[in-house]
Amino acid sequence: MSHRETIGYETLDQVPDTVISQGTMLWNRTGSWRYLKPVYRQMTPPCNNGCPAGNNIEGMIRLAEAGKYSDALRLLKEENPLTAVCGRVCFHPCETACNRKEIDAAISIHAVERAVSEHGREGYAPHPVLSASGKTVAVVGSGPAGLSCAWHLARLGHRVVVFEKADKPGGILRYGIPAYRLPKDVLDRDIADIEALGVEIRCNTAVGKDLPWSSLEGYDAVFIGIGCHQPRPLFEGGEETEAVWDALRYLTLTAKGDFPAGNGKTTIVIGGGNSAIDAARTARRLGNAVTVYYHRTRTEMPAFGEEILEAEKEGVAFEFLAKPLDLVIDNRKLRGVRFLKTQLGEPDESGRRKPVPVNGSEFVVNADIVVTAIGDALDRSVLPESLDCDTWKIKTAKMGATGADMIFAGGDAACGDHNIAEAIGSGKASACAIDSKLSGFDIGAARDVITIGSTDRISASRYIMARTGETTGPLSKKVADYDKLNTAYFTRGDRPEQPHLPVQERLAGFDEVAGSLSLKAIQGETERCCHCGVCTACDNCLVFCPDVSVIKRADGTGYDIDLDYCKGCGICVNECPRAAMAMEEDK
Amino acid sequence: MKKVLMGNHAASWAVQLSRVKMISAYPITPQTHIVEELSEMCGDGSLDAKFLKVESEHSAMASVVAAQAAGVRSFTASSANGLALMHEMLHWAAGARLPIVMVNVNRALAPGWNIWADQGDSLAQRDTGWIQMYVEDNQEVLDSVIQAYMIAEQVRLPVMICYDAFFLSHTYEPVDIPSQDAVDDFLPPYTPEVFLDPESPRSFYPLVMPDNYMEIRYHLDQAHTRALDVIEETGRHFGEAFGRPYGLVEAVNCDDADMIMVTSSTITSPARLVMDELRENGHRVGLLKMRTFRPFPVKAVQDALGGCSKVMVIDRNCSWGKGGIFADELKSALVNLPDSPKVFSYIAGLGGRSVTPDHIMDMARQTLDTEMPSDGSVWKGMKQ
């Protein structure tokens with residue numbers, strides 16, 4: 001170390017007159033000045049952290065950017081088999097979390113997922129499955145939770161039988177979400193991928209009705225994902241009339257082609273959630289004049305804003321601050337609904353302002369059809385009595401364990417948040433929990449390795465790696481928030497608008513409203529992604545290092561720091577656009 | 001070819017004829033015409049050079065340093081506050097031994113804001129290591145810029161050609177423009193031995209420890225010494241090629257003179273008239289035009305002034321608290337001569353004030369009539 005390879009000049013003439021290096025400074029190991037050192041790290045991108053289904057969104061975008069659509073599709077399906085579905089109907093909390101919204105607008109992640117699901121089909125082979133475990137699991141209900149659970153159990157080598165009470169699989173995806181939002185051939189494609197892993201789906205089989213629960217005793221485990229499909233009567237009496245509908249029944253009949261009454265009827269939809277909007281837009285397509293009544297205001301509506309806007313474009317009217325009292329029925333024929341005006345009071349436990357009735361403000365609205373969309377309850381009549389449940393859900397511990405041995409539950413039937421991504425995530429969590437029980441794998445010990453970011457959501461791909469003994473480091477619990485980025489490196493761009501069917505064409509049937517983005521637009525979106533917290537080998541660290549101490553690996557897997565010369569100045573960390581580097585104490 | 005050109009455009013033409021490849025500048029009155037004209041030339045293709053716009057004079061000099069380090073003949077121009085902002089980079093250009101040529105149009109520094117002639121701006125850069133030359137008319141502007149590249153590239157020192165704001169920069173005079181072929185014959189292409197070459201990576205301008213710094217700086221000072229000969233030689237060659245010879249200084253009627261007036265830049269011209277008038281009246285008066293300020297031509301000055309008894313120096317500048325800068329430099333050049341002449345120092349024309357033949361005659365008469373100079377400089381042309 002003490003060897004100094006300096007150029008020694010003996011005479012005046014030997015000393016050059018230009019100040020240009022004549023040798024190297026390699027003898028000067030400036031690394032000895034360092035007390036902090038830069039390290040490469042992965043932080044969890046906010047999109048990944050925000051996805052209830054646990055998708056590796058940043059990874060998908062990276063592969064899509066490179067044009068590797070089938071690899072991107074494979075990566076998505078590692079966590080979620082319903083990619084084409086989610087690209088269309090997930091409410092994309094990933095985009096809400098996206099740091100890009102602070103720069104220009106969130107990446108259109110759902111559009112990328114949709115494109116990956118379309119363009120990734122070519123070259124997509126069925127996912128590999130672990131060798132057969134000899135265990136069989138019954139999945140009750142083929143909605144998003146059940147399908148997700150079945151997919152991941154199958155990947156883990158278990159035989160899976162899915163029981164579905166309807167004639168076709170999909171549950172809420174098939175019979176709750178209208179075809180103009182989710183074409184059924186798209187759903188069929190995702191389900192076909194699941195069946196390709198050997199999952200057996202038995203339709204027209206309502207467990208608890210057609211088939212007693214006791215008949216499932218031969219299975220090694222049971223997952224219940226039956227959703228919440230028990231209508232709650234809004235009015236006393238009158239609901240027997242053919243003019244009053246529960247939203248889910250209304251949507252289901254439409255989906256089956258048994259169209260409920262239409263053609264110019266005055267239709268009232270009561271409610272403010274997504275089912276209300278689905279019912280209202282469906283009623284418009286059946287030729288009805290539609291008004292949605294909601295007892296709070298637009299601000300408090302739980303429905304997605306985009307859905308509300310599209311409904312308005314399609315001619316759905318909205319009336320706010322109106323609480324339904326009763327039906328006006330004349331001679332067994334529906335005449336209308338009696339409402340009471342409300343005003344907003346103090347916030348309730350959900351944080352939304354409570355509707356307070358205004359005394360003496362009753363008014364009657366004439367209607368031919370009334371659709372109520374006030375949220376359905378758990379159908380306890382079909383569940384085994386041994387399960388601990390309330391009106392809304394089966395009580396479960398983490399990862400869907402019920403009180404009963406080897407019985408798990410997920411989706412709307414067990415979660416507070418009724419949405420598809422949560423259902424998919426819960427089905428996956430239960431699949432991993434069931435597998436750990438069946439295989440004896442200690443899932444608790446692997447938590448740091450398999451949970452995503454700051455959440456307790458499970459990554460199935462990480463679970464499989466952990467379970468099969470592939471070495472994996474822990475996933476970063478830290479999220480790469482906006483304030484961690486060096487935004488000087490991100491130029492502003494535009495978020496492309498998805499094409500939409502003209503309103504006249506929409507109302508003529510149930511054709512899909514939102515179209516796909518062009519591949520060029522998708523490419524632009526993938527390039528706009530900041531890859532928060534993930535090294536993209538952009539070379540900024542290498543370019544800025546004043547000591548030429550960032551060494552790029554020949555195999556393209558990243559960089560190493562030459563600690564002999566790194567002074568620990570931190571410029572590389574500062575100039576990393578995406579917080580994929582940090583300084584740490586050098587011991 | 002003769003053209004009537006303002007001094008600034010004479011500089012632009014010289015840059016074009018010198019086949020400069022890179023120009024970077026930031027505009028400042030009274031210099032702006034120079035680079036405006038050059039940007040037009042770059043734009044219309046009559047000059048094959050890159051014109052780099054920058055956000056400050058500091059960056060202008062920095063980018064010219066970079067271009068020259070990469071082996072490209074380059075040019076910039078500035079004035080007053082702009083030159084002051086370049087200060088750090090001026091050291092860099094000289095220390096790096098880069099033969100950059102720049103024009104500084106001499107302008108007063110603020111406050112009070114003043115855009116007129118004053119040598120205070122470039123003289124404040126005296127110790128940056130640049131060769132400095134002060135020129136008298138538009139023809140000399142053009143000729144000196146071309147010679148500057150010749151000088152700079154032989155001794156690897158940057159050269160600053162200085163001339164008075166408005167009196168030259170904006171004043172039109174007939175200028176003889178040599179042909180490109182003639183200039184090409186005089187000034188060979190720039191072919192540096194060492195330059196920033198990706199094929200031969202080296203660290204440029206790195207740390208130099210105490211064990212070598214002094215030697216490197218000695219080389220810089222030696223280059224200035226060598227430049228004295230090179231400037232003389234270049235001026236002589238230029239005379240052979242174009243019929244207009246130049247030297248380190250111009251000595252007129254100094255051989256027999258009892259009193260010699262020392263001037264620089266445009267004040268030289270009225271001083272020539274005063275000298276003629278005094279000679280007609282029987283006074284043996286000479287004139288020494290200081291064309292070169294750095295390197296300081298000690299020998300040439302001693303040769304010109306050694307035989308006379310009085311020297312009268314007119315400075316359009318002032319080192320505050322000391323006086324005229326040329327006068328001061330002259331004194332140190334003369335001090336060890338036997339029978340060193342007395343040096344009378346006058347300050348005149350600051351901030352663009354006119355220095356007329358009457359003013360100069362007044363200074364000459366005072367010098368002739370006074371036995372001993374005062375300790376400091378005498379300010380002339382002031383309100384009473």
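Predicted model: local features only at pLDDT ≥ 70, side-chain atom pairs only at ≥ 80, totals over all residues.

**Exercise 1. An overview of chain A**

Task: Describe the make-up, extent and burial of chain A.

Solution: 
- Start with secondary structure: chain A holds 19 helices and 18 strands.
- Next comes the extent: along the principal axes, the C-alpha atoms of chain A fill a box of roughly 120 × 55 × 45 Å.
- For burial, 54% of the 587 residues of chain A count as buried.
- Turn to the contacts of chain A with a separation of 6 or more: 70% of these are between residues 24 or more positions apart.
- Finally, count charges: chain A carries 67 positive and 80 negative side chains, with 2 Å between the centres of the two sets.

**Exercise 2. A nonpolar patch**

Task: Which residues form a nonpolar patch on the surface, and which helix gives the most to it?

Solution: 
- The members are Tyr489(A), Leu542(A), Val543(A), Phe544(A) and Ile571(A), and together they have about 400 Å² of accessible area.
- Helix H18 of chain A, residues 540-544, gives the most, with three residues.
- Tyr489(A) sits in the loop between helix H15 (460-467) and helix H16 (503-507) of chain A.
- Exposed counts as over 50% and buried as under 20%; Tyr489(A) has 32% relative accessibility and therefore counts as partly exposed.

**Exercise 3. A covered helix**

Task: How many residues of helix H6 (residues 109-119) of chain A are buried?

Solution: 
- Nine of the eleven residues are buried, and the helix is mostly covered.

**Exercise 4. Backbone angles in chain B**

Task: Where do cis peptide bonds and positive phi values occur in chain B?

Solution: 
- First, recall the background: most residues other than glycine have a negative phi, and most peptide bonds are trans.
- The bond from Pro111(B) to Gly112(B) is cis, with omega near -5°; Gly112(B) lies in the loop between strand E5 (101-106) and helix H6 (120-123) of chain B.
- Another cis bond joins Arg294(B) and Pro295(B), with omega about -5°.
- Asn253(B) has a positive phi near 55° and counts as partly exposed at 33% relative accessibility.
- Asp339(B) has a positive phi of about 55°, and its relative accessible area of 70% makes it exposed.

**Exercise 5. Salt bridges**

Task: What does each of these salt bridges connect: Arg97(B) with Asp17(A), Asp256(B) with Arg279(B), and Asp258(B) with Arg284(B)?

Solution: 
- The whole structure has 60 salt bridges over all chains.
- Arg97(B) pairs with Asp17(A), their closest N and O atoms being 3.4 Å apart. This pair crosses between chains, from the loop between helix H5 (87-95) and E5 of chain B to the segment before strand E1 (36-40) of chain A.
- Arg97(B) is buried, at 4% relative accessible area.
- Asp256(B) and Arg279(B) meet at 2.7 Å, N to O. Asp256(B) lies in the loop between E9 and E10 of chain B and Arg279(B) in helix H10 (residues 268-280), so this bridge ties together parts 23 residues apart in sequence.
- Asp258(B) and Arg284(B) form a salt bridge at 3.4 Å between the closest N and O atoms. Their pairing links the loop between E9 and E10 with the loop between H10 and strand E11 (285-290) of chain B, 26 residues apart.

Key: Residues numbered from 1 in each chain as written. Chains lettered and ligands numbered in written order. Heavy atoms only, no water. Helix = DSSP H or I, 4+ residues; strand = E, 2+ residues; numbered from the N terminus. Buried < 20%, exposed > 50% of the residue type's maximum accessible area, 1.4 Å probe, protein only. Contact = heavy atoms within 4.5 Å. Lys, Arg positive; Asp, Glu negative; His and termini not counted. Charge placed at Lys NZ, Arg CZ, Asp CG, Glu CD. Patch = residues over 30% accessible without salt bridge, like charges linked within 9 Å, V, L, I, M, F, W, Y side chains within 5 Å. Areas by Shrake-Rupley, 256 points an atom, 1.4 Å probe, with all protein chains shown as cover. Salt bridge = Lys/Arg side-chain N within 4 Å of Asp/Glu carboxyl O.
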